[in-house]
Amino acid sequence: MLTGAETGRRADVLPGRTADLVEAWLRAHPGVQVVCRDGSGAYGEAVRRALPGAVQVSDRWHLRHGLAEAVQREVAAHSACWAQAGQPQAAKRAETALERWQQVHDLLGKGTGLRECARRLDLSIKTVRRYARADQPGRLQRARQYRPTLAGPYRDHLRKRRAEEPGVPVRQLLREIRELGYQGSRTLLVQYLSQGRAETSRPHLSPRRVARLLLTRPATLTAGQQEDLAGITAACPEMTALAGLVRSFAGLLTPDPRNARRLQKWITAARAASLPHLHSFTRGLDLDSQAATAGLTLPHHNGRTEGVSTRTKMIKRQMYGRAGFTLLRHRILLS
């Protein structure tokens, strides 16, 4: 779907998503001066071949989405650091991870191949690769991931009662929270308490949730979320640097001619930090430098096209199995 960047009107609907179709359409419309697109290199090359003089603009939502994916990968890689601000990994599990890491690296130090390591240790080849890639055993730790439970809403009551009376029986706690509305079983409550989830002052944090905290505007965070974020960003120098880079990039998402210089400073700062996944994101910006710079300095965006895309999905559901591309194209252009 192609829409006017300024008017928002639907210009045309193509029968496919290939770069050749886009190039052919642009050659038939030589008056196009600005093309706003996502980060697709194929589309960028099609625009360059058809209209060498057109300005290509990378959509700001797609730039932020690319940053978000890199941030989530960095957060997952450093979960051994920020997990200490939440619920740390169980001691037995951490001890097992350390023992396996030492076994794998001892064998690798003797020249043993990965497959032979897997055979000797009775582990899968993927597990051996993961241990081999970790330069230190702490990198293998991951924050425990728990699903929401029926006992969760009564965490404050359970924590308070266990603090007041450390030896309070589970039966007594079960009676009390059932009076408050708990509908789960005794087994579920015992499991919840044995995992230590009642003692923590807040729910468990997953890598996705931590990334969301980093990417959310600070003004919209609750007091508890701001407290979580403060603990996470102070967990290690890499997380502190990551939080600062995320905040500074957010300032670039408001179009401003000065953002061209600011973007280069941001890329330099990102490469100076020990954040390899963010380095990958900066390499993508370099490959599409002119479009990325235009996206942060010009007001054009793909918002209207995304809106048409959402409406098109509804039209396709209405027409499912009853009509072809010709009728679909007419309905999109005329709706």
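Trainee: If contact means heavy atoms within 4.5 Å, which residues in H14 meet H15?
Mentor: Leu263, Trp266, Ile267, Ala270 and Arg271 do it from the H14 side. Their partners in H15 are Leu278, His279, Phe281, Thr282, Arg283, Leu285 and Asp286. Helices are DSSP runs of H or I with at least four residues, strands are E runs of at least two, and both are numbered from the N terminus.

Trainee: What's the make-up of that contact by class?
Mentor: Between H14 and H15 there are 7 nonpolar, 2 polar and 3 charged residues. Ala, Val, Leu, Ile, Met, Phe, Trp, Tyr, Cys and Pro count as nonpolar, Asp, Glu, Lys and Arg as charged, and the others, including Gly, as polar.

Trainee: Before I go on, what am I looking at?
Mentor: A predicted model, where local features need pLDDT of at least 70 and side-chain atom pairs need 80 or more, while totals for chains, interfaces and linings use all residues. Numbering starts from 1 along each chain as its sequence is written, and side-chain values use heavy atoms, without hydrogens or water.

Trainee: At what angle do H14 and H15 pack?
Mentor: About 145 degrees, for H14 at 259-272 and H15 at 276-287, with the axes 9 Å apart. Axes are lines fitted to C-alpha atoms, for helices over the stretch in contact, and angles run from 0 to 180 degrees between N-to-C directions.

Trainee: And how do H11 and H13 pack?
Mentor: H11 (207-215) and H13 (237-250) sit at about 50 degrees, axes 9 Å apart, and are therefore oblique to each other. Under 35 degrees is roughly parallel, over 145 roughly antiparallel, 65 to 115 roughly perpendicular, the rest oblique. Val210, Leu214 and Leu215 of H11 meet Met239, Leu242, Ala243 and Val246 of H13. That contact has 7 nonpolar residues, with no polar and no charged ones.

Trainee: What about H8 and H10, which residues meet there?
Mentor: Arg155, Leu158 and Arg162 in H8 meet Leu189, Tyr192 and Leu193 in H10. By class that's 4 nonpolar and 2 charged, with no polar residues. H8 (155-164) and H10 (186-194) pack at about 65 degrees, axes 12 Å apart, so they are roughly perpendicular.

Trainee: Switching topic: what volume does the largest pocket have?
Mentor: About 1300 Å³. Met1, Leu2, Thr3, Cys36 and Thr305 are the closest to its centre, out of 39 lining residues.

Trainee: Which helix gives the largest share of that lining?
Mentor: H17, with 7 residues. Other elements giving two or more include strand S1 (2-3), helix H1 (19-27) and helix H18 (325-334). The lining splits into 19 nonpolar, 12 polar and 8 charged residues.

Trainee: What counts as a pocket?
Mentor: On a 1 Å grid over the protein atoms alone, an open set of points where a 1.4 Å probe fits, with protein on both sides within 12 Å along at least five of seven lines; lining residues have an atom within 4 Å of a point. Points join across faces, edges and corners, and the volume is the space filled by probe spheres set on them.

Methods: Contact = heavy atoms within 4.5 Å.
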